[in-house]
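Work through the exercises below with the sequence and the structure side by side. Try each task before you read its solution.

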Amino acid sequence: MMRKNDYRKLAFMGILMIVLLAFHTYTGREKETFPEVRFITESSVPLNLTDFDPNELDAKQWEHLGFSEKQISTLLNYKKMIGGRFSSKAQLKKCYAVSPEKFAELESYLLLPDTDKDASSGKFKGYEKKEIAISRKFNPDGLSNAEWINMGFSERQAESIIKYKNYLGGSFISKEKFKECFIISSDNYTKMEPYLLLPAKTPDHFKNSAKNYAVKSRIQYRNFDPNMADLEGWKALGFSERQAQTIVNYRDRNLRGSFKTPEDLQKCFVISPEKYQELKPYIKLNPTVDKKQETDFSKIDLNIITFKQLLEFGLDEKSAGSMIGFRKKLRGFVNKQQILDTYNIDKDLVQKLISIAPLDVSNVPKYTLTEAPEEWLKDHPYFKYSADKIIFYRTTYHDDQKILKLLKLKPQYEERMKLYLK
């Protein structure tokens with residue numbers, strides 16, 4: 001009897017040791033490190049970028065946008081996790097493989113509503129996926145905007161395809177180049193490829209002879225100073241509004257307000273080598289622009305101070321951009337504390353600025369709750385979260401105090417609203 005109990009005890013101890021050993025092996029296992037994500041901070045948008053739906057991009061097309069293999073893997077996994085589609089720009093922005101700088105470069109090209117709310121409310125009409133219909137072989141070089149639309153592309157897509165063709169010099173050149181157009185999804189290219197009357201491969205000499213395909217400029221050039229040219233001035237030189245804005249931003253932000261040499265223009269990605277050669281003989285830089293122009297900030301209204309002037313004061317681009325962006329959303333600051341409450345600013349430097357510069361609030365729009373435009377209510381940072389309720393209540397009540405009471409806001413939120421109420 002004693003021996004039988006001893007065997008039981010030994011067996012129990014053996015099982016216990018096995019369990020402890022297994023537990024130790026499991027918990028002591030070295031944790032797998034998550035692959036490092038390298039954010040892209042430098043401008044890397046390809047020259048041939050046009051409006052596109054990120055839901056249509058495959059791994060190769062994400063790579064053309066400048067993303068690394070690890071970033072692409074993260075993006076595609078994130079898309080699966082959220083249900084297989086990006087429903088808005090805001091949702092894509094949340095993916096940590098897309099840096100804020102990279103998102104800012106791509107944002108204006110994205111065929112997505114700004115937010116999920118815009119999509120559900122029907123505000124976004126820019127893109128509807130349609131089935132592509134092709135009945136015969138064709139040369140895409142000869143298709144008009146209307147013919148691309150008849151094939152099944154939206155009006156906006158058709159415009160982007162033609163812009164891409166013009167960027168190439170007026171011809172798609174080859175099936176390879178045609179496939180690189182971001183509007184042409186992998187599925188649609190597969191359908192279209194057998195019908196395309198284009199060479200399969202791009203000629204080796206294409207880069208060197210792109211000017212042979214270029215559409216001759218009809219612009220009457222004259223001498224100009226690129227540091228004095230505004231948006232309209234660049235458009236008059238043959239650039240689209242978006243390209244003109246990019247050039248102005250590049251000059252004012254990246255180059256701190258001025259091109260130092262004609263060659264600086266070559267570094268702006270929307271100015272092609274061919275376009276630069278056209279412009280070069282007419283570029284006349286005024287040497288006086290290199291002299292630092294001192295601004296008297298004691299006379300600059302904080303509601304009209306420019307991005308360039310904020311940089312001159314010493315703010316970095318992030319702080320200056322945040323301040324200008326918040327002011328634009330508010331339609332103007334009504335007190336200096338709002339400026340200090342702006343996100344992503346250098347508070348010490350901004351405190352110094354607001355202690356010097358005046359604030360004129362006379363032109364800041366204010367309304368009653370019963371008269372405020374719906375668009376203003378839905379866009380203003382202080383009203384947008386209560387906009388639908390305000391619009392509903394004012395159909396019955398015409399007294400602001402009654403509507404404010406029905407909204408049941410926290411005191412600090414109600415006080416913020418009152419800053420912009422008559």
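**Exercise 1. Find which residues ring pairs link into a cluster with Phe-138.**

Step 1. Apply the rule: rings of Phe, Tyr and Trp (its six-membered ring) pair if their centres lie within 6.5 Å. Planes under 30 degrees apart count as stacked, over 60 as edge-to-face and the rest as tilted.

Step 2. Follow the pairs. They link Phe-138 with Trp-148, Phe-153, Phe-172, Phe-178 and Tyr-189. The count by this rule comes to 18 aromatic pairs.

Step 3. Look at one pair. Phe-138 and Trp-148 are edge-to-face, with 6.4 Å centre to centre and 80 degrees between the planes. Phe-138 lies in the loop between α6 (116-121) and α7 (145-151), and Trp-148 in helix α7, so the pair ties together parts that are 10 residues apart in sequence.

Step 4. Check burial, where buried means under 20% relative accessible area, exposed over 50% and partly exposed in between (1.4 Å probe, protein chains only). Phe-138 is buried at 5%. Trp-148 is buried at 1%.

The model is predicted: local features need pLDDT of at least 70, side-chain atom pairs count only at pLDDT 80 or more, and totals for chains, interfaces and linings use all residues. Residues are numbered from 1 along each chain as its sequence is written, and side-chain values use heavy atoms, leaving out hydrogens and water.

**Exercise 2. State how Phe-297 and Phe-313 pair, and which parts the pair ties together.**

Step 1. The pair is edge-to-face: 5.0 Å centre to centre, 75 degrees between the planes.

Step 2. Phe-297 sits in the loop between α14 (273-279) and α15, while Phe-313 is in helix α15, so parts 16 residues apart in sequence are tied together.

Step 3. Both residues are buried.

**Exercise 3. Describe the largest nonpolar core.**

Step 1. Define it: a set of buried Ala, Val, Leu, Ile, Met, Phe, Trp, Tyr and Cys residues joined through side-chain atoms within 4.5 Å.

Step 2. This core has 39 residues. Among those with the most contacts inside it are Met-323, Leu-353 and Phe-383.

Step 3. Find the helices, which are DSSP runs (H or I, at least four residues), numbered from the N terminus. Those that each supply at least two residues of this core include α16 (317-330) and α18 (347-356).

Step 4. Zoom in on Phe-383. Contact means heavy atoms within 4.5 Å. Not counting residues up to four places away in sequence, Phe-383 touches Leu-369, Trp-376, Leu-377, Ile-390, Met-417, Tyr-420 and Leu-421.

Step 5. Look for another core. A second, separate one of 21 residues includes Ile-161, Ile-162, Phe-172 and Leu-198.

**Exercise 4. Is Asp-252 buried or exposed?**

Step 1. Locate Asp-252. It is in helix α13 (residues 241-254).

Step 2. Read its relative accessibility. The value is 17%, so Asp-252 counts as buried.

Step 3. List its partners. Leaving aside neighbours within four places in sequence, Asp-252 is in contact with Gly-257 and Leu-311.

**Exercise 5. Find how confident the predictor is in the chain.**

Step 1. The chain's mean pLDDT is 80, and 84% of its residues reach 70 or more.

Methods:
pLDDT is the predictor's confidence in each residue, from 0 to 100.
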